[in-house]
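Please find my notes on this model below. They take the form of numbered points, to be read beside the structure.

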Amino acid sequence: MQGTVATYDAATRSGLLLLDDGTELRFPARAFDASGLRLLRLGQRVRIDIDSDGEVVRVTLPTMS
């Protein structure tokens, strides 16, 4: 699944993603930490991994596996 960074707080390492259908999806610090990324920018395109409960578990760049 992919989306766009709508908000990102570097202090808490969490934020809000906007999916292609307009749905807002929050991600916690642990999802950002699992990515290995150092920062995110507003408007940046990301790939989202979710668990069976629909919670974001990892946010990465679309070119990363």
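Does Glu55 count as buried, exposed or partly exposed? Glu55 counts as partly exposed, at 33% relative accessibility. Buried here means under 20% relative accessible area, exposed means over 50%, and partly exposed lies in between (1.4 Å probe, protein chains only).

1. Basis. This is a predicted model, in which local features need pLDDT of at least 70, side-chain atom pairs count only at pLDDT 80 or more, and totals for chains, interfaces and linings use all residues. Residues are numbered from 1 along each chain as its sequence is written, and side-chain values use heavy atoms, with hydrogens and water left out.

2. Fold. The protein chain has one helix and five strands. Their order along the sequence is β-β-β-α-β-β. Helices (H or I, at least four residues) and strands (E, at least two) are DSSP runs, numbered from the N terminus.

3. Dimensions. Along the principal axes, the C-alpha atoms fill a box of roughly 25 × 25 × 20 Å.

4. Burial and surface. Of the 65 residues, 34% count as buried. The accessible surface comes to about 4,000 Å², and carbon and sulfur atoms hold 51% of it. Areas come from the Shrake-Rupley method with a 1.4 Å probe; for residues, only the protein chains shown count as cover.

5. Contacts. Take the contacts with a separation of 6 or more: 41% of them are between residues 24 or more positions apart. Contact means heavy atoms within 4.5 Å.

6. Charge. There are 8 positive and 9 negative side chains, and the centres of the two sets lie 9 Å apart. Lys and Arg count as positive, Asp and Glu as negative; His and the chain ends are not counted. Each charge is placed at NZ of Lys, CZ of Arg, CG of Asp or CD of Glu.

7. Salt bridges. How many salt bridges does the structure hold? There are five. The criterion is a side-chain nitrogen of Lys or Arg within 4 Å of a carboxyl oxygen of Asp or Glu.

8. Glu55 and Arg30. These two form a salt bridge, with the closest N and O atoms 2.1 Å apart. The pair links distant parts of the chain: Glu55 is in the loop between β4 and β5 (56-60), and Arg30 is in helix α1 (residues 29-33), 25 residues apart. Arg30 is exposed, at 56% relative accessible area.

9. Asp20 and Arg45. Here the closest N and O atoms of the salt bridge are 2.8 Å apart. Asp20 sits in the loop between β2 (14-19) and β3 (24-27), and Arg45 in strand β4 (residues 45-50), so this pair also links distant parts of the chain, 25 residues apart. Asp20 is exposed at 58% relative accessibility, whereas Arg45 is partly exposed at 31%.

10. Asp49 and Arg58. Their salt bridge has its closest N and O atoms 3.0 Å apart. Salt bridges with shared partners join Arg47, Asp49 and Arg58 into one network. Asp49 is partly exposed at 24% relative accessibility, and Arg58 is partly exposed at 22%.

11. Arg13. Please look at the backbone here. Arg13 is not a glycine, yet has a positive phi of about 60°. Arg13 lies in the loop between β1 (2-9) and β2. At 31% relative accessibility, Arg13 is partly exposed.

12. Arg26. This residue belongs to strand β3 and is exposed, with a relative accessible area of 61%. Which residues does Arg26 contact, leaving aside its neighbours within four places in sequence? They are Gly15, Leu16 and Val56. Leu16 is ten residues from Arg26 in sequence, and their C-alpha atoms are 4.3 Å apart.

13. Met1. The segment before β1 contains Met1, which is partly exposed at 48% relative accessible area. Not counting residues up to four places away in sequence, Met1 touches Leu19, Val46, Arg47, Ile48 and Ile50. Met1 and Val46 are 45 residues apart in sequence and 8.6 Å apart in space, C-alpha to C-alpha.
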